[in-house]
Amino acid sequence: MQQEIDENLKRAYGDVTKQGVPDRFTDLLAQLRAAEGGNSSNNGSNNAES
């Protein structure tokens, strides 16, 4: 039973890893990286409304 579960999990995980990353997701990652690069001096603490 354990071996069958292991095989099914490996098969499911293998299928997921073969899928490509959606363009929308990679675009969002690029935007986050650009924002982090431009805001490195304030460490993301731009919450002035305390």
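## Surface of the chain

The chain exposes about 5,000 Å², and carbon and sulfur atoms supply 51% of that area. The model is predicted. Of the 50 residues in the chain, 2% are buried.

## Confidence

The pLDDT of the chain averages 80, and 76% of the residues score at least 70. Over residues 41-50, pLDDT stays under 50. For residues 41-50 the model has one contact beyond four places in sequence.

## Helices

The chain contains two helices and zero strands. Helix α1 covers residues 2-18, and helix α2 covers residues 23-38.

The length of α2 can be checked by counting residues. Helix α2 has 16 residues, and at 1.5 Å a residue they should span 22 Å. The expected span is 1.5 Å times one less than the number of residues.

Burial gives another view of α2. A residue counts as buried when its relative accessible area is under 20%. Of the 16 residues of α2, the number buried is zero, so the helix lies largely in the open.

Met1 is found in the segment before α1. The cut-off for an exposed residue is over 50% relative accessible area. Met1 counts as exposed because its relative accessibility is 77%.

Met1 also belongs to a nonpolar patch on the surface, together with Ile5 and Leu9. The accessible area of Met1, Ile5 and Leu9 together is about 360 Å².

How values were computed. Residues are numbered from 1 along each chain as its sequence is written. This is a predicted model: local features need pLDDT of at least 70, side-chain atom pairs count only at pLDDT 80 or more; totals for chains, interfaces and linings use all residues. Side-chain values use heavy atoms; hydrogens and water are left out. Patches are made of residues with over 30% relative accessible area and no salt bridge: like charges are joined within 9 Å, nonpolar side chains (Val, Leu, Ile, Met, Phe, Trp, Tyr) within 5 Å. Accessible areas come from the Shrake-Rupley method with a 1.4 Å probe; for residues, only the protein chains shown count as cover. A salt bridge is a side-chain nitrogen of Lys or Arg within 4 Å of a carboxyl oxygen of Asp or Glu. Helices (H or I, at least four residues) and strands (E, at least two) are DSSP runs, numbered from the N terminus. Buried means under 20% relative accessible area, exposed over 50%, partly exposed in between (1.4 Å probe, protein chains only). pLDDT is the predictor's confidence in each residue, from 0 to 100. Contact means heavy atoms within 4.5 Å.
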